[in-house]
Structure formats: C-alpha cells, structure tokens
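Q: I'd like to learn how to read the ligand sites in this model. Can you walk me through them?

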Amino acid sequence: MEKKNIDWSNLGFGYIKTDKRYISLYKDGKWDDGVMSEDDTIKLSECAGVLQYAQTIFEGLKAYTTEQGKIVTFRPDLNASRMKDSAARLEMPVFPEDRFVDAVVKTVRENAAYVPPYGSGATLYLRPYMFGSNPVIGVKPADEYQFRVFATPVGPYFKGGAKPITIKVSDFDRAAPNGTGNIKAGLNYAMSLHAIVTAHKEGFDENMYLDPGTRTKVEETGGANFLFITKDKKVVTPKSNSILPSITRRSLVHVAKEYLGLEVEEREVLFDEVKDFAECGLCGTAAVISPVGKIVDHGKEICFPSGMEDMGAVTKKLYDTLTGIQMGRIEAPEGWIKEIEL
Ligand code: PLP
Ligand code: COI
C-alpha cells in the first residue's frame with residue numbers, strides 16, 4: 001500500500017480529511033449494521049439533540065506503525081468501555097463494545113495510507129463519537145443517534161513536542177462536583193474553551209484545574225491527567241471522581257510499577273504539595289506525556305527542578321517505555337496492542 005504524500009514529521013495536531021469514515025445509525029431502539037463512507041459531511045435537522053442540548057460524547061485513540069512495520073492500536077477496548085460509561089451518563093444508547101473496536105479497526109484499515117510511517121513522530125488519531133440526531137425541543141434525550149469514527153494524521157499536541165510547557169492555575173472550573181468531569185462529553189470541552197483562550201492570551205500553554213468543590217486539590221488540564229514525580233522518584237497522580245479516567249495514565253501506572261519498579265501513589269494531591277515535586281507531566285492520548293516546566297498561580301511561579309529545556313529523567317523513562325510498547329520496541333502486556341490486519 002502506498003502512503004499518502006504528507007510531510008509527516010511536520011504535522012501539528014490538526015484535522016486532515018482522510019478517505020473513509022465509519023457510520024452507524026440508531027433508530028427504533030437499535031443500531032444498524034454500519035457502513036464505511038467517503039462523505040465527510042453530515043446533514044442534520046436544525047433541532048437535532050446535539051445542536052440544542054449538546055448530547056454528544058467522544059473518544060480519542062491512535063494507530064501506530066511499529067518498528068516491525070505492522071499497524072496497531074493501543075487498548076481500544078478501554079475506549080469502548082469508557083464510551084459506554086459516557087453514553088450511560090448522557091442517557092444515550094450504548095454502542096456495543098465489540099462493535100466499537102471493530103469500527104476502529106475498519107477505519108484504520110481503510111485509511112492505512114494515512115498511518116504515518118515508523119519513526120516519523122506522527123500517528124493516526126482516531127475519533128469515535130456519538131450524538132443525538134433527531135429533533136428535540138423539550139429537554140430530553142434524543143431517540144435517534146449516529147455513532148461515527150473518523151481518522152486524521154497528527155503530530156504533537158503541544159508545539160515543540162517534548163519541550164516543557166508552562167501552565168497556569170485556572171480561575172474557571174472544568175467540572176462540577178457530581179457533574180460530568182469523569183466522562184468524555186463534548187460539553188466538558190465547551191466549558192473549557194473560554195479558559196483555554198484566556199490562558200493562551202496570557203501566554204500559557206494550558207490550564208491546571210483545581211477541584212471545583214474546595215479549590216485546594218489538583219484535578220487535571222483541559223485534555224490530560226497529571227503525573228508528578230517526587231524527589232525520591234515516586235510517581236504521584238491525582239485521584240478524583242471529577243477527572244477523566246485517562247487510559248494513558250492507567251497504562252503509565254502499570255508501566256511505572258511493572259516495567260520500571262517505581263512506587264506509585266494514586267491519591268488526592270493538594271495544590272500546596274505541588275511545589276515540592278521534582279517533575280510534572282501531562283498524560284493523555286493526544287499529549288502522550290508532555291513535560292511541564294512551570295506552573296503559575298496568580299503570579300506565583302512553581303519551577304520544577306527538571307527545568308524548561310528537557311523532560312525530567314523519570315518522566316522520560318516513562319515516556320520511552322510507553323512509546324516503546326506502542327511502537328513495538330518493548331514487549332507489551334497481554335491485550336494492550338491490537339494489530340490491524342490489512
Ligand atoms: N483528561 C481529559 C480531560 C482528556 O480529554 C483526555 C483525553 O482523552 C485525557 C484526560 C487523557 O485520557 P486518555 O489517556 O484516555 O487519552
Ligand atoms: C485525547 O487525548 O484523545 C483527547 O481527547 C484530548 C483532546 C482534548 C484532544
């Protein structure tokens with residue numbers, strides 16, 4: 001198969017239309033068989049549930065070319081399961097988990113020419129999503145839905161890739177106590193837009209959100225969970241029921257313990273403790289692990305000893321091991337890698 005003529009190494013995190021996308025429709029209480037389509041547009045009622053009341057959820061995962069030249073995805077079953085939880089919280093029908101994985105596989109296979117080559121630094125980002133499509137005017141769940149998956153080749157989420165970023169403590173909340181912070185609903189990201197535009201205007205790369213109840217504990221950023229490294233090389237990651245259960249974070253916890261022999265604490269993290277950590281990183285599918293060099297809290301700076309030039313040493317080990325597993329250089333735990341047969 002001939003690859004598309006794309007400058008893989010200079011891709012940013014943007015949308016590029018690819019050839020095929022998966023579509024399945026839900027009507028009269030059931031999902032249809034699903035098709036692959038060349039049409040990248042959607043025609044909808046002006047009163048569709050998604051347009052009026054934001055009934056939409058999504059997922060994000062990647063396909064990689066391994067060192068051996070295979071195309072693989074990373075733990076798509078966990079995305080399927082998280083999407084099930086998101087659907088339940090927004091009163092949407094569940095797209096069966098095995099069909100979710102199958103739809104991802106088909107989307108990768110039919111866009112194989114867009115999977116960036118091994119070593120290019122780029123990946124194929126997959127975006128499964130679901131939304132209410134029939135007219136809804138009283139506030140209630142839709143009766144009809146679309147489940148779709150599209151693919152787009154991407155480079156690093158933050159410009160500069162592995163270069164440490166600077167973030168600010170946000171004055172806004174991204175979630176509410178007992179709200180929807182723990183699911184992947186479009187509305188959480190709409191909530192974060194003013195905060196991220198504000199942060200960018202002020203020269204920051206991202207926001208650190210604190211817990212909306214007490215504003216004393218670290219939650220996450222707009223699109224990634226936090227990982228901290230203590231001075232004695234323990235991995236600490238915030239536990240909260242209003243953050244997204246990151247698949248990258250859960251995988252890194254396993255990598256830290258089982259591959260690197262590090263101690264891991266998943267617990268509430270007070271903002272007051274942050275100044276004492278040695279390293280900080282953001283982890284997620286898009287972010288992979290993006291090192292944080294500095295956090296600014298209303299003018300007060302926390303500068304991590306790892307500095308503004310390089311990833312901290314422990315963060316780098318985590319990064320190398322995780323990406324090594326994803327790219328086939330390091331043996332993966334059972335069930336983590338799903339090979340796409342072409
Ligand atoms: N937190 C938020 C708010 C996110 O949008 C994401 C991205 O999916 C993550 C964390 C990281 O999750 P994952 O590692 O499953 O991509
Ligand atoms: C992902 O990492 O897949 C995400 O969904 C984050 C998103 C904000 C780009």
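Q: How far is an oxygen atom of ligand 2 from an N or O atom in the side chain of K184?

A: A polar contact is a pair of N or O atoms within 3.5 Å. Here the distance to K184 is 2.7 Å. Ligand 2 also has an oxygen atom 2.6 Å from an N or O atom in the side chain of Y125, and one 2.8 Å from a polar backbone atom of A286. One caution: this is a predicted model, with local features needing pLDDT of at least 70, side-chain atom pairs pLDDT 80 or more, and totals for chains, interfaces and linings using all residues. Residues are numbered from 1 along each chain as written, chains are lettered from A and ligands numbered from 1 in written order, and side-chain values use heavy atoms, without hydrogens and water.

Q: What share of ligand 2 does the protein bury?

A: Accessible area comes from the Shrake-Rupley method with a 1.4 Å probe. Alone, ligand 2 exposes 280 Å², and 89% of that gets buried.

Q: Which residues around ligand 1 are closest?

A: A residue is near a molecule if one of its heavy atoms lies within 4 Å of it. Ligand 1 has 16 such residues, with Y189, E220, S246, T248 and T285 the closest. Y189 and T285 also turn up around ligand 2.

Notes:
A polar contact is a pair of N or O atoms within 3.5 Å; within protein, one must be able to donate a hydrogen and the other to accept it, and residues adjacent in sequence count only if both atoms are side-chain atoms.
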